[in-house]
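I kept notes as I went, one topic to an entry.

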Amino acid sequence: MKLLRLGAIGAEKPALLADDGTLRDLSGIVTDIAGETLGDEALSRIRAVDPASLPVVSADRIGACVGHVGKFICVGLNYADHAKETGKEPPPEPILFMKATTAVVGPNDDVEIPRTSAKTDWEVELGVVIGKRAKYVSEADALSYVAGYCVVNDVSERAFQSERGGQWTKGKSHDTFGPIGPWLVTRDEVADPQNLALWLDVDGQRRQTGNTSTMIFGVAHLVHYISQFMTLMPGDVIATGTPPGVGMGIKPTPVFLQPGQVMTLGIEGLGEQRQTTIAARA
């Protein structure tokens, strides 16, 4: 299934993308695509409903495909060729950092360039949405804790991230730095999360091309690994790292985002995003 949330910011309602391309209202079945709705039992109830029996709805705005995200966990340098372009060695264990949940926006919402920013950058990533409580899970069982997958743009301000002291979080957490969606594709429709093509363009120029097959640490390992350090809850999102082609890696001179540019990005089978960059609002 492809599940999404439609409507104004803060008033999104759950919907289903039917096989015929229509959007169907799920608000009579579930209150939101969030929390316990992402468990296997709840998803089975949605799956049992005939989409043709649901009202057709329009998409004036697509919100983040997961509501009320509890934790937004990111994995750094998880593609060897991306680590190389940043001048770093591939890590021996996953590098984890958190992105503020106030960064979460819809897949086509504007992305703000922060005040004083000089190095705002793009990162297309495979997002993993947790479906049930996961603590000390084995790698063999890890994928059973996944509700589904989505596209994430892990927008980053590199100077804030690396030149302002402390950890990476301050460069990752500005409002709008976490577009998620357009839809959550349930795990039964993703045959192999380690064989998905990713891409990102800026103003129509291809900047990133990659495949999840080149991750250093795959999805199953990441869910297992993270669950050794914290309990993952339904609706938590893991951004699994980005392939090469980010602005900071462009030689000889890095390229960064300015207001008025357009990012388009997508992942095979998971849909596409489109964001326009704007100056930060109050």
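Predicted model: local features only at pLDDT ≥ 70, side-chain atom pairs only at ≥ 80, totals over all residues.

**Entry 1: the sheet of five strands**

I began with an open sheet of 5 strands, whose order is E8-E19-E18-E15-E16 and whose pairing is mixed. Strand E8 (111-113) and strand E16 (205-211) stand at its edges with a single partner strand each, so one side of each has no neighbour in the sheet. Ignoring direction, I noted that neighbouring strands of this sheet are turned by 20° against each other on average. For my own reference, strands (E, at least two residues) and helices (H or I, at least four residues) are DSSP runs numbered from the N terminus, and two strands pair if DSSP finds at least two bridges between them. Axes are lines fitted to C-alpha atoms, for helices over the stretch in contact, and angles run from 0 to 180 degrees between N-to-C directions.

Residues are numbered from 1 along each chain as its sequence is written, and side-chain values use heavy atoms, with hydrogens and water left out.

**Entry 2: leucine 198**

Next I looked up leucine 198, which lies in strand E15 (residues 197-202). Is leucine 198 buried or exposed? Leucine 198 is buried, with a relative accessible area of 2%, where buried means under 20%, exposed over 50% and partly exposed in between (1.4 Å probe, protein chains only). Leaving aside neighbours within four places in sequence, leucine 198 is in contact (heavy atoms within 4.5 Å) with residues including Tyr79, Val124, Glu125, Leu126, Pro243 and Ile267.

**Entry 3: the sheet of ten strands**

I then turned to an open sheet of 10 strands, with mixed pairing and the order E4-E3-E2-E1-E14-E11-E10-E17-E5-E6. Strand E4 (56-57) and strand E6 (95-98) are the edge strands, each pairing on one side only. Helix H4 (residues 219-226) packs on this sheet and touches strand E5 (72-76), E6, E10, E11 and E17, and the direction of H4 makes about 55° with that of E10. Elsewhere in the sheet, strand E1 (residues 2-6) and strand E2 (residues 13-17) are antiparallel partners over 4 bridges, with arginine 5 opposite proline 14 in E2.

How many residues of strand E10 (residues 124-130) are buried? I found 7 of the 7 buried, so E10 is largely enclosed by the rest of the structure. In a regular strand the side chains alternate between the two faces of the sheet. In E10 both faces are covered, with Val124, Leu126, Val128 and Ile130 buried on one side and Glu125, Gly127 and Val129 buried on the other.

E10 runs antiparallel to strand E11 (residues 146-153), to which 7 bridges join it; among the facing residues, valine 124 stands opposite asparagine 153, and isoleucine 130 has valine 146 as its bridge partner. E10 also pairs with strand E17 (residues 237-239) in the antiparallel sense over 3 bridges, where glycine 127 has alanine 239 as its bridge partner. E11 is mostly covered too, since I noted 8 of its 8 residues as buried.
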